[in-house]
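Please look through the notes below with the model open beside them. They go from the conventions to the fold, and then to individual elements and residues.

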Amino acid sequence: MKRREFVLLGTTCVAAGPALATGSPTIKVAKTATCGCCSAWVLHVQEAGFSVDAQNVDQDDLYALKDRLGITPELSGCHTALVDGYFVEGHVPASDIARLLDQRPDALGLTVPGMPMSSPGMAGPGAGDTFETLLVAKDGSTSIFARHS
Ligand SMILES: [Cu+2]
């Protein structure tokens, strides 16, 4: 890892703020072994107080998992997580996961499609772009769950 990336990751951890999720269910994460931003996101949710069970899987198995869960290519990020009956796809902020588990909407899960630079596990807040966390309904339709910059 280059020194500059390491500094940015440190910033992400500080920005995660106080623990949100003590006592929350474990987040199971499927990711590929070589995905650095996936590991950085795992660190982000751990810093927020979630316990994480991360498994490295083959890329084909990861695609198959997304397909099974109803995560279309348009909705895909990198890693795929499962928590308490919901999927959490890609670089979803820990605060959104906490709100999902608190509000328990009738839905499949959350996604941050693609890998926006401002999202946790990427460069982090202040990277300059904005992104949205989408709620995926059981019929596959999406709505905006949160906006982030
Ligand atoms: Cu990523």
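1. Helices (H or I, at least four residues) and strands (E, at least two) are taken here as DSSP runs, numbered from the N terminus. On that basis Pro25 falls in the loop between α1 (3-15) and β1 (27-31). Residues are numbered from 1 along each chain as its sequence is written. This is a predicted model, in which local features need pLDDT of at least 70 and side-chain atom pairs count only at pLDDT 80 or more, while totals for chains, interfaces and linings use all residues.

2. On confidence, the mean pLDDT of the protein chain (pLDDT being the predictor's confidence in each residue, from 0 to 100) is 88, and 85% of the residues reach 70 or more. Over residues 1-19, however, the pLDDT is below 50, and this stretch has 21 contacts in the model beyond near neighbours in sequence; two residues are in contact if their C-beta atoms, placed from the backbone, lie within 7 Å.

3. The protein chain holds 4 helices and 7 strands, which follow the pattern α-β-α-β-α-β-β-α-β-β-β along the sequence. Among contacts with a separation of 6 or more, 58% are between residues 24 or more positions apart.

4. The 7 strands form an open sheet of mixed pairing, in the order β2-β1-β3-β4-β5-β6-β7, where two strands pair if DSSP finds at least two bridges between them. Because β2 (52-56) and β7 (142-148) each have a single partner strand, they stand at the edges, and one side of each is left without a neighbour in the sheet. Neighbouring strands of this sheet are turned by 20 degrees against each other on average, direction ignored; axes are lines fitted to C-alpha atoms, for helices over the stretch in contact, and angles run from 0 to 180 degrees between N-to-C directions.

5. Within the sheet, β1 pairs with β2 in the parallel sense over 5 bridges, and Ala30 has Gln55 as its bridge partner in β2. Helix α2 packs on the sheet, touching β1 and β2, and its direction makes about 170 degrees with that of β2. Helix α3 (residues 59-69) also packs on the sheet, where it touches β1, β3 and β4, with its direction at about 50 degrees to that of β3.

6. β1 also pairs with strand β3 (residues 80-83), in the antiparallel sense and over 3 bridges, with Ala30 standing opposite Thr80. β3 and β4 form a hairpin with 2 residues between them, and Asp84 in the turn has a positive phi of about 55 degrees.

7. Which residues does Pro25 touch, not counting those up to four places away in sequence? They are Val83 and Asp84. Pro25 and Ser51 are 26 residues apart in sequence, yet 7.3 Å apart in space, C-alpha to C-alpha. Pro25 counts as partly exposed because 14 other C-beta atoms lie within 10 Å; a residue is buried if 20 or more other C-beta atoms lie within 10 Å of its own, exposed if 12 or fewer, and partly exposed in between, with C-beta atoms placed from the backbone.

8. Helix α2 (residues 36-47) has 12 residues and reaches 17 Å from its first C-alpha to its last, close to the 16 Å expected at 1.5 Å a residue, the expected span being 1.5 Å times one less than the number of residues. Its buried residues are Cys37, Cys38, Ala40, Trp41, Val42, His44 and Val45. Just after α2, Gly49 takes a positive phi of about 110 degrees.
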